[in-house]
Amino acid sequence: MGAKTDRPAPSSVEDERKRLAEAGYLADESAALVSFLAERLDKPVLVEGPAGVGKTELAKAVARATGRPLVRLQCYEGLDEAKALYEWNYRKQLLHIQARAAADEGAGESAENEIFGEGFLLERPLLTAIASGEPVVLLIDEIDKTDQEFEAMLLEVLSEFQISIPELGPVEATTQPLVFLTSNDSRELTEALKRRCLYLWIDYPSRERELEIVRLHVPDLDPKLAGKMVDVIQEIRELDLKKPPSLSESIDWARTLLLIGADDIDRETLEQSLSIIVKHRTDIDLIAERVAVKLSGPETNGQTG
Amino acid sequence: MASSLAPGLLSFFEDLRAEGVAIGTSEILDSFSAIDQIDWTDKEDFREALAATVAKSQEDRRVFDLVFDRYFFRATEQGALEMDLGEGEQNRHQGSNRIDLDQLRDAIREAIVEGRDGEMSDLAQLAIAAFGPQGERSGVIGVDVQRIRRELELNTGGTDPARLDPDAVRKFEKHLRRELERDSIERAGKLPPAKPLAELDRSLPGSPTQDLAAVHKAVTQLKRRIATLGHEQRGRRRSQTVDVRRTMRASLETGGVPLNLRYRNRRPRRPEIFVCCDVSTSVSSSSVFFLSVLHALHDSFRKLRSFVFIERISEITEIFEQERDFRKISEKITSHGGVADISGYTDYGRVWLEFEEMIRDDLGPRSTVIVLGDARANGRDPHAEAFGKLAERAGHTYWLNPEPKLYWNYGDSVMRAYEDRCDGAFECWTTKHLESFVNLIAADPASTRR
């Protein structure tokens, strides 16, 4: 990945959209514009939206389009600085001291200086992104899963692009990383964080866009079948489901249809492959009741609970 | 940036602030530099660039779109008036005699079906010219819109095979409304005073299912917090107990001196939750809210048993497991709940006695009891000691009261008798309260741990 050189920033929104499309991501107007602005203004982007609409994928596509390596920090509850920023390699430090003691040099002052050198530092994603010699795309995934304290710590990183390590002094970014934060909106993020970011909301795609995306990812699927599949998906999203099928699930479904060699979506096909798009029993029942009956095809037994 | 743009933008931001969108100076600066980067003569790019830098949540974005439309519509009209650029009555409705009405109907219908936004405003103008002659205007734009819509036969309901998607028709109505507004501005020669956004426009499209979504969100947080609490504690090694056996074994390495202490692993708790929900008439307004809380809880917790009570208590766990649709659930509960005996007044005392009998064997230190009720005992014996016994047996007891704290203990409310016996009692009549309840439990792990 490092072989590629960093490409110059896009010249226009249209240019950015083309570059993303080349990287395999069909961006809508706002997504293209915001990632364009992010590259031009060096601002972090906060991407929100329901699960599985391509938030993470956008960051990956930007990484591909710009030829930058992607550094990913997956957030979870209880994530702390040691796992996000850096950690001292304690074992290596101990070994080093022991080795010196064995060589009978004693653990003098110089040893102390040595063991707090960069060689003993375990870089975690945030430090990797900042200390990297070449510009990177930093993806902080599912930021809403962390605590507010962690968010506050991020502020320094996002606005100054530097990390202070007490033993070494501050580490400053030599190149500006492109930062994407994604959130499923399960918690309201703090104003301070939002203030520093550009905001992008990605929603479920429209019928046309979804069709385009499915065709892009599963080009072998019969266009007519793909059209019908997207129609069914769009109709299913209208229902009051626990978890509506996401874009990634509809791509999975398209792949499944191709694999089982379906030539039409009838009732039987839908019921057989329903578990690909919805993952709750009650949802499956509801779809069988509302959508499947509209499709043509033989009656199957025991489809409803 | 064209410097002439700045004052206009600033007053636009001023409008946004007036509608409650918090915009800081840094965001204004951001938006200026963003506009520098784009071709701001493209309306969509311009709008998106402003939105990305200024509107930082979905609600903000919604308000932003409304204010954006309003502000720039007014600005354009103001400009037109100042420069005297009226299209002229004749000019504007020229050719209305030549329009074939049926053809126009078809054209509009087609544009709506295919969602061609660009054509709609022209078509709306034609429709106004054709179907809303000057003399018949009611003067109220909403009435005119509906009248024109009727004339155009744009049906959205019923079983009519030619009915249209309501959302698409609404879009067309928006164009109609705008064109009518422009008409009246042009005729009056001045702008009407700016109206603040109606509360209804501003909030997300409201409906019971929307509220349900908000409740779901709060409960998802609750679920996540509870699920991970154990892990967090383990990570911080707080108040851990020494595992003597493992410490002794580890001490063999160091010649029997226990240098390294081994700790007992803490197992994350699987909460068992019992929820009791009052569904009597005194809380009927809030019981819909509570039922939706219950509904949401059921999606989130496996080991959850729910009960409803009025005079007697009845378990409804099964109903929630079988039914998905919220409306059906509330119907079923009212029809088969079997909770009202004679009077329909809540009898808390009797409920506790029955509840204790029902779950005596299942209640333990790992269980959490959550009561949703107003504690209005209708003058009957509250049997607080029976409730106290329940609370003692259970690991935790929380009471969520749908009444504001101010009303507690007034009239026949016996909240005080129960309040002291709970780990916490909270007022809970909006999703905000529900969220703060969640936060409170989450912020103080000691209260959920024993």
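How many residues does the contact take from chain A and from chain B? The contact (heavy atoms within 4.5 Å) takes 29 residues from chain A and 28 residues from chain B.

Before going on, a word on what you're looking at: this is a predicted model, where local features need pLDDT of at least 70, side-chain atom pairs count only at pLDDT 80 or more, and totals for chains, interfaces and linings use all residues. Residues are numbered from 1 along each chain as its sequence is written, chains are lettered from A and ligands numbered from 1 in the order in which they are written, and side-chain values use heavy atoms, with hydrogens and water left out.

**Where the chains meet**

The size of an interface is often given as the accessible area lost when the parts come together. Here, chain A and chain B bury about 2,800 Å² between them, with carbon and sulfur atoms giving 52% of that. (Buried area is the accessible area, taken with a 1.4 Å probe, that two parts lose on being put together, summed over both.) E77(A), R195(A) and Y199(A) supply 24% of what chain A buries against chain B, more than any other three residues.

R195(A) turns up again in a salt bridge with E27(B), where the closest N and O atoms are 3.2 Å apart. A salt bridge here is a side-chain nitrogen of Lys or Arg within 4 Å of a carboxyl oxygen of Asp or Glu. The rule finds 2 salt bridges across this interface.

Which elements give two or more residues to the side of chain A that touches chain B? They're α2 (29-41), α9 (191-195), β9 (198-201) and α14 (281-290) of chain A. Helices (H or I, at least four residues) and strands (E, at least two) are DSSP runs, numbered from the N terminus. The largest share, 8 residues, comes from α2(A).

**Salt bridges overall**

Over all chains, the structure holds 32 salt bridges. In one of them, the side chains of R17(A) and E29(A) meet at 3.0 Å, N to O. R17(A) sits in helix α1 (residues 13-22) of chain A and E29(A) in helix α2 of chain A, so the pair ties together parts that are 12 residues apart in sequence.

**Two open sheets**

Strands of a sheet pair through backbone hydrogen bonds, either parallel or antiparallel. For the table, two strands pair if DSSP finds at least two bridges between them.

| Chain | Strands | Order | Pairing |
|---|---|---|---|
| A | 5 strands | β2-β5-β8-β1-β9 | parallel |
| B | 6 strands | β3-β2-β1-β4-β5-β6 | mixed |

In the chain A sheet, the edge strands are β2 (70-74) and β9, each pairing on one side only. β2(A) runs parallel to strand β5 (residues 137-141) of chain A, and 5 bridges join them. Within β5(A), D141(A) is the bridge partner of Q74(A).

Over in chain B, strand β4 (residues 367-372) and strand β5 (residues 396-401) run parallel and are joined by 5 bridges. L372(B) has L400(B) in β5(B) as its bridge partner. Helix α16 (residues 348-359) of chain B packs on this sheet, touching β1 (272-278), β2 (304-309), β3, β4 and β5 of chain B. The direction of α16(B) makes about 150° with that of β2(B); axes are lines fitted to C-alpha atoms, for helices over the stretch in contact, and angles run from 0 to 180 degrees between N-to-C directions.
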